[in-house]
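Dear colleague,

Please find the structure below, handed over for your records.

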Amino acid sequence: MRKILLAFLILFLTNSYTFAVDNKIDTIEQDCINKAFSTQNISACTIQAQNAWQNEIEKYYNLLFNILPKDKKHLLKKSQKDWKKYKKSQFDLLDNTIFISGTMYSNVIQGYKRDIYKYRAIELEELYFILLGCTQPSN
């Protein structure tokens, strides 16, 4: 019973930390959007958020890779390779099915793409902290 409660506590606290990081990137994006004067500028803000989430993916992939035992590293590599295939497939779907003219739809597509990066970053981050047995970075 204690193990179950501990697992829930770790998951709750990890999600709380993830929300703080999530909120920072989302806040920066929202501030940028609030200052944007065109839909093209709004897309640029969302693309900046995509880049920030890509950086989070790289960061937590590398951190995970460094703490995994040698005999488990291949699992992370395979997972990332499979995720990249999924990402490419989703991007192809988005880029080739929404044919409605207008820059507003470009913003919608960029938002979907941002979320694909965001969810992967959050998954890797949560796994990293669970494997560390803690809920926050030490720095």
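**Salt bridges and a nonpolar patch**

E29, R114 and D115 are linked in a network of salt bridges; a salt bridge here is a side-chain nitrogen of Lys or Arg within 4 Å of a carboxyl oxygen of Asp or Glu. Please note that this is a predicted model, in which local features need pLDDT of at least 70 and side-chain atom pairs count only at pLDDT 80 or more, while totals for chains, interfaces and linings use all residues. Residues are numbered from 1 along each chain as its sequence is written, and side-chain values use heavy atoms, with hydrogens and water left out.

Helices are DSSP runs (H or I, at least four residues), numbered from the N terminus. R114 counts as buried at 15% relative accessibility, and E29 is buried as well, at 6%. The cut-offs are under 20% relative accessible area for buried and over 50% for exposed, with partly exposed in between (1.4 Å probe, protein chains only).

The whole structure contains seven salt bridges. One of them joins K118 to D26, with 2.9 Å between the closest N and O atoms. K118 lies in helix α4 (residues 103-132) and D26 in helix α1 (residues 2-35), so this pair ties together parts that are 92 residues apart in sequence. K118 counts as buried, at 11% relative accessibility, whereas D26 is partly exposed at 23%.

What separates K88 and D92 along helix α3? The two residues are four apart, about one turn of the helix, which spans residues 73-97. K88 is exposed, with a relative accessible area of 51%, and D92 is partly exposed at 34%.

Turning to the surface, I67, L127, L131 and L132 form a nonpolar patch with about 320 Å² of accessible area together. Such patches are made of residues with over 30% relative accessible area and no salt bridge, nonpolar side chains (Val, Leu, Ile, Met, Phe, Trp, Tyr) being joined within 5 Å and like charges within 9 Å. Accessible areas come from the Shrake-Rupley method with a 1.4 Å probe, and for residues only the protein chains shown count as cover. Helix α4 supplies the largest share of the patch, three residues. L132 is found in helix α4 and counts as partly exposed, at 39% relative accessibility.

Yours sincerely
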